[in-house]
Amino acid sequence: MGKPKYPPHPRMESTRKRRGVHRRALAEKVGITYQHVYGIERGFSAVAEETLAAIAIALGVDLEDIQEPDESSDADPSGTAPEAAGSSWWEAAVRGLTR
């Protein structure tokens, strides 16, 4: 498959496995393909923040639980959680999964 082009998300994979969720089930719940889930976990696919938020919700964890530590450097400097700040991407992700 070649060398990964994007940052891999091994914490996402380990969280998914720990919760006993298969890639296909996670993909269906989030509305993406299982190949995209694999690509995100291994660094072969780019991933939007909204998609990561939807994955976190589907896994029942906080977004920070599936992000790698170096990715959180672009977090809101106020330290406010996205849901507390009323961030539109968070609201959209929650609405999409709770319909």
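For helix packing, I take axes as lines fitted to C-alpha atoms, for helices over the stretch in contact, with angles running from 0 to 180 degrees between N-to-C directions. Helices (H or I, at least four residues) are DSSP runs, numbered from the N terminus.

**Ground rules**

I am working with a predicted model, in which local features need pLDDT of at least 70 and side-chain atom pairs count only at pLDDT 80 or more, while totals for chains, interfaces and linings use all residues. Residues are numbered from 1 along each chain as its sequence is written, and side-chain values use heavy atoms, with hydrogens and water left out.

**Entry 1: H1 against H4**

I began with this pair and found a packing angle of about 25°, with the axes 11 Å apart. H1 and H4 are therefore roughly parallel to each other (angles under 35 degrees count as such). I noted that H1 passes H4 in a left-handed crossing; that is, the near helix is turned anticlockwise from the far one by less than a right angle. On the H1 side, Met 12, Thr 15 and Arg 16 make the contact, and they meet Leu 52, Ile 55 and Leu 59 of H4. Contact here means heavy atoms within 4.5 Å.

**Entry 2: the two sides of H1**

Which residues of helix H1 are buried? I looked along residues 10-18 and found Met 12, Glu 13, Thr 15 and Arg 16. Buried means under 20% relative accessible area, exposed over 50%, and partly exposed in between (1.4 Å probe, protein chains only). Seen down the H1 axis, these buried residues fall within an arc of 165°, so they line one face of the helix. That arc is taken from the directions from the helix axis to the C-beta atoms. Lys 17 and Arg 18 are exposed on the face turned away from the buried side. The cover over the buried residues of H1 includes H2, H3, H4 and H5. Just after H1, I spotted Gly 20 with a positive phi of about 70°.

**Entry 3: the largest nonpolar core**

Next I looked up the largest nonpolar core and found 15 residues in it, of which Met 12, Leu 26, Val 30, Ile 55, Leu 59 and Ile 66 touch the most other members. Helices H2 (23-30), H3 (34-42), H4 (49-59) and H5 (63-66) are the elements that give it two or more residues. The largest share, 6 residues, comes from H4. Such a core is a set of buried Ala, Val, Leu, Ile, Met, Phe, Trp, Tyr and Cys residues joined through side-chain atoms within 4.5 Å. I then followed Ile 66: leaving aside neighbours within four places in sequence, its contacts include Met 12, Thr 15, Leu 52, Ile 55 and Leu 59.

**Entry 4: H2 across H4**

How do the axes of H2 and H4 lie? I found that they come within 9 Å and cross at roughly 115°. This crossing is right-handed, the clockwise case. Leu 26, Lys 29 and Val 30 of H2 touch Thr 51, Ala 54, Ile 55, Ala 58 and Leu 59 of H4.

Ile 57 lies in helix H4 and counts as partly exposed at 25% relative accessibility. I checked Ile 57 against Val 30: they are 27 residues apart in sequence and 8.9 Å apart in space, C-alpha to C-alpha.

Glu 49, also in H4, is partly exposed, with a relative accessible area of 32%. The C-alpha atoms of Glu 49 and Leu 63 are separated by 9.3 Å.

Last, I visited Ser 45 in the loop between H3 and H4, which counts as buried at 18%. Beyond neighbours within four places in sequence, Ser 45 is in contact with Tyr 6, His 36, Gly 39 and Ile 40.

Definitions and conventions:
Angles under 35 degrees count as roughly parallel, over 145 as roughly antiparallel, 65 to 115 as roughly perpendicular and the rest as oblique.
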